[in-house]
Amino acid sequence: MSADDESPQAHDVPAPEVRELRFAYVAGVTPGKWIRRWEERMPDVPLRSFMSDDGAQLTVLRDGAADLSFVRLPVEREGLSVIPLYEEQPVVVAPKGHEISLFEEVALADLSAETFLDVQELGGPAMALQVVASGAGLAILPMSVARHFNVKDTVARKLTGAPTTAIALAWPSESTDEVVEEFIGIVRGRTAASSRQPSAQQEKPKKEPKPDRRGTGVKKPKVAQRYAPNPDKGRGKGSRKKGKR
């Protein structure tokens with residue numbers, strides 16, 4: 001048999017692509033607990049995660065870089081499914097030594113004489129905090145973001161009276177499948193046994209029937225009654241007519 005007549009070898013057949021799930025998240029989101037739960041429940045589906053800037057939190061979904069994205073609201077929702085998750089505590093960040101460091105929290109109305117920086121115009125929170133440290137002004141940020149960057153020579157205090165922000169999970173509506181649904185359920189706190197989890201709806205193997213412990217012996221025949229049944233049994237007193245026998 002010539003080499004041309006040989007059947008294709010196994011290594012000539014392309015291996016099937018491994019399904020993986022990719023998600024992005026903005027600064028301040030800590031996805032560790034969701035990653036751990038995913039690895040416990042879906043060990044056969046690799047999970048990839050990466051941080052994105054607030055300005056690119058939807059771009060990663062539009063260009064296909066991520067299947068889902070933890071975003072900071074508000075966002076343009078056209079073509080997306082969005083589930084709000086939780087609100088964030090706002091803080092005011094000032095240069096170290098500022099008078100706000102004397103309080104545990106401050107009201108926005110009490111800072112009317114201060115200069116506030118536009119975080120987005122400065123290129124994001126990382127650069128804005130560097131400018132705050134220089135003494136050029138104050139910035140309002142979610143507490144989780146201020147803690148994430150933790151710029152030296154700045155101080156942050158809880159801020160009351162300021163608009164809050166919220167974190168949500170977003171994904172393209174047309175790309176919803178069982179893998180995406182599984183991740184959504186984990187983020188929303190569903191247990192592994194929840195009927196709404198795709199992994200819990202998979203057909204479970206049927207258990208083998210238990211062996212008959214009663215044995216296979218022949219049943220003993222019933223013993224014939226030695227006496228006729230009592231006709232008075234079950235009747236009340238006086239139910240049988242009295243008379244000579």
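Axes are lines fitted to C-alpha atoms, for helices over the stretch in contact, and angles between N-to-C directions run from 0 to 180 degrees. The model is predicted, so local features need pLDDT of at least 70 and side-chain atom pairs pLDDT 80 or more, while totals for chains, interfaces and linings use all residues. Residues are numbered from 1 along each chain as its sequence is written, and side-chain values use heavy atoms, without hydrogens and water.

Helix H1 (residues 32-41) packs with H5 at an angle of about 130°, the axes being 10 Å apart; helices (H or I, at least four residues) and strands (E, at least two) are DSSP runs numbered from the N terminus. H1 is therefore oblique to H5 (under 35 degrees is roughly parallel, over 145 roughly antiparallel, 65 to 115 roughly perpendicular, the rest oblique). The contact (heavy atoms within 4.5 Å) involves Trp 34, Arg 37, Trp 38 and Arg 41 of H1, and Val 179, Glu 182, Phe 183, Ile 186 and Val 187 of H5.

Phe 183 of this contact also belongs to one aromatic cluster with Phe 23, Tyr 25, Trp 34, Trp 38 and Phe 70. Rings of Phe, Tyr and Trp (its six-membered ring) pair if their centres lie within 6.5 Å, and planes under 30 degrees apart count as stacked, over 60 as edge-to-face and the rest as tilted. Six aromatic pairs are counted by this rule. Phe 23 and Phe 70 form an edge-to-face pair, with 5.6 Å centre to centre and 80° between the planes. Phe 23 lies in strand E1 (residues 21-25) and Phe 70 in strand E3 (residues 68-72), 47 residues apart. The rings of Phe 70 and Phe 183 have centres 6.2 Å apart and planes at 70°, so this pair is edge-to-face.
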